[in-house]
Amino acid sequence: QEPQRHHSLRLAEREPAFLGRLLQPDGQPVDEGTLFELRNLQERYYGTDTHRTLAGGLIHSQLNRRKLSPGDSVKFRIMATLGDRKDDHLVEFTAEIPEQDIDINVGDLVLQPRPVLVAGQVFGPTGEPEASAHLMLRTLNEEGYWIWREYQNGRSMSSGPDGRFAFYGAD
């Protein structure tokens with residue numbers, strides 16, 4: 001007869017979470033498995049966590065309490081892919097961080113298309129659309145010097161097969 005073995009199970013505390021639902025611009029829930037990023041806009045270097053939606057557009061994203069103080073009002077951004085470009089829709093919201101470690105229900109969050117800064121089509125010298133043209137967006141600082149500022153998910157971009165391109169804001 002084998003001796004009886006006892007196993008102990010230690011349950012770890014879980015971090016509180018954001019609970020809510022992501023909706024398309026028409027009010028319908030986003031598809032299950034839609035990839036989205038949650039950013040804390042008040043961190044010096046945006047803390048970004050990538051998640052997937054659950055059935056019915058439900059979101060459940062763990063909070064990192066080490067970076068949040070109870071009583072703070074913190075602004076967040078969710079960026080999701082609904083169209084043919086990565087992270088083409090967004091929603092921003094503010095959440096009050098509770099004193100207790102409890103979940104925060106942010107309710108329904110309606111995604112909106114990201115604003116387009118510049119869009120167009122590149123043509124070659126013969127008038128044909130130019131695929132894979134390298135594009136960068138440049139801005140001037142207060143002194144009038146060029147600042148290389150790259151948009152489209154934080155970097156420069158190439159035109160599509162038909163020469164079309166778009167630089168989006170809210171990066």
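This tour moves through a sheet, a nonpolar core and a loop residue, giving a selection at each stop. The model is predicted, so local features require pLDDT of at least 70 and side-chain atom pairs pLDDT 80 or more, while totals for chains, interfaces and linings use all residues. Residues are numbered from 1 along each chain as its sequence is written, and side-chain values use heavy atoms, without hydrogens and water.

**The sheet.** Select β4, β1 and β7, three strands that form an open, mixed sheet in that order; strands are DSSP runs of E of at least two residues, numbered from the N terminus, and two strands pair if DSSP finds at least two bridges between them. β4 (58-62) and β7 (104-110) each have a single partner strand, so one side of each lacks a neighbour in the sheet. Next, select β1 (residues 17-23), which runs antiparallel to β4 and is joined to β4 by five bridges. Within this pair, G20 has I59 as its bridge partner in β4.

**The core.** Select F18, L22, F76, I78, F93 and L109, which touch the most other members of the 20-residue largest nonpolar core. Such a core is a set of buried Ala, Val, Leu, Ile, Met, Phe, Trp, Tyr and Cys residues joined through side-chain atoms within 4.5 Å, where buried means under 20% relative accessible area with a 1.4 Å probe, protein chains only. The largest share, four residues, comes from β5.

**The loop.** Finally, select S159, between β13 (157-158) and β14 (164-168). S159 counts as buried because its relative accessibility is 5%. Its side chain reaches the backbone oxygen of E130 at 2.7 Å.

Technical notes:
Buried means under 20% relative accessible area, exposed over 50%, partly exposed in between (1.4 Å probe, protein chains only). A polar contact is a pair of N or O atoms within 3.5 Å; within protein, one must be able to donate a hydrogen and the other to accept it, and residues adjacent in sequence count only if both atoms are side-chain atoms.
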